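Work through these exercises with the model open. Try each task before reading its solution.

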Amino acid sequence: FFIMDEIERCREWIEGALKLLDTHEFFDIKEGILNGRYILWPAPDGCLVTEFVEYPKYRVLNVFLGGGKLERLVDMRPAMEDFAKKTGCKKISITGRKGWQKILNNNGGKVEAFVMAKEL
């Protein structure tokens, strides 16, 4: 089954991204992709994982995991934006490290919010 092969091929990148936030296990992402909660965007040398976020006023395609060659991930942006528009999204967002700010700014994006957290 093709998607299972792609999930496993991308496992190292997914697990690497998960180490930063510690919000999910690989199994959670795999199950989420298989049941349609998450969308895997595989590339030969990287991958992204997205989810839809539904707000009362609009829908967002949120990129919340990524790993691999940075240039490849940035190259995936137009296809993701097109997909987001076709699926009724008003925005595309990135949940990630602050370093993504420069990449987002260079591609027509802007910081709308800054999330800080304290572990309890």
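**Exercise 1: Helix 1 against helix 2**

In this predicted model, the axes of helix 1 (residues 2–9) and helix 2 (residues 11–21) come within 5 Å and cross at roughly 55 degrees. Classify the arrangement of helix 1 and helix 2, then list the contact residues.

Solution. 
- Step 1. Start from the crossing angle of roughly 55 degrees. Roughly parallel needs an angle under 35 degrees, and roughly perpendicular starts at 65, so helix 1 is oblique to helix 2.
- Step 2. Find the contact. Helix 1 contributes I7, E8 and R9, and helix 2 contributes R11, W13 and I14.
- Step 3. Sort these residues by class. The contact of helix 1 with helix 2 has three nonpolar and three charged residues, and no polar ones.

**Exercise 2: Helix 1 against helix 3**

Which way does helix 1 run relative to helix 3, and which residues make the contact?

Solution. 
- Step 1. Take the axes. Those of helix 1 and helix 3 come within 11 Å and cross at roughly 150 degrees.
- Step 2. Apply the cut-off. Angles over 145 degrees count as roughly antiparallel, so helix 1 and helix 3 are roughly antiparallel to each other.
- Step 3. The crossing of helix 1 and helix 3 is right-handed.
- Step 4. Pick out the residues. I3, M4, I7 and E8 of helix 1 meet F26, K30, I33 and L34 of helix 3.
- Step 5. Sort them. Six residues of the contact between helix 1 and helix 3 are nonpolar, two are charged and none is polar.

**Exercise 3: Two hairpins**

How many residues lie between strand 1 and strand 2, and how many between strand 2 and strand 3?

Solution. 
- Step 1. Pair strand 1 (residues 38–43) with strand 2 (residues 46–54). The pairing is antiparallel, over six bridges.
- Step 2. Check two positions. Y38 has E51 of strand 2 as its bridge partner, and A43 stands opposite G46 in strand 2.
- Step 3. Read the link. Strand 1 and strand 2 form a hairpin with two residues between them.
- Step 4. Move on to strand 3 (residues 59–68). Strand 2 and strand 3 are also antiparallel, over nine bridges. T50 has V63 of strand 3 as its bridge partner.
- Step 5. The hairpin of strand 2 and strand 3 has four residues between the strands.

**Exercise 4: Confidence**

Solution. 
- Step 1. Begin with the whole protein. The average pLDDT is 88, and 83% of the residues score at least 70.
- Step 2. Draw the limit. Where pLDDT is low, the predicted coordinates should not be read in detail.

Key. Residues numbered from 1 in each chain as written. Predicted model: local features only at pLDDT ≥ 70, side-chain atom pairs only at ≥ 80, totals over all residues. Heavy atoms only, no water. pLDDT = per-residue confidence, 0-100. Axes fitted to C-alpha atoms, helices over the stretch in contact; angles between N-to-C directions. Parallel < 35°, antiparallel > 145°, perpendicular 65-115°, else oblique. Contact = heavy atoms within 4.5 Å. Nonpolar A, V, L, I, M, F, W, Y, C, P; charged D, E, K, R; others polar. Left-handed = near helix turned anticlockwise from the far one by under 90°. Pairing = 2+ DSSP bridges.
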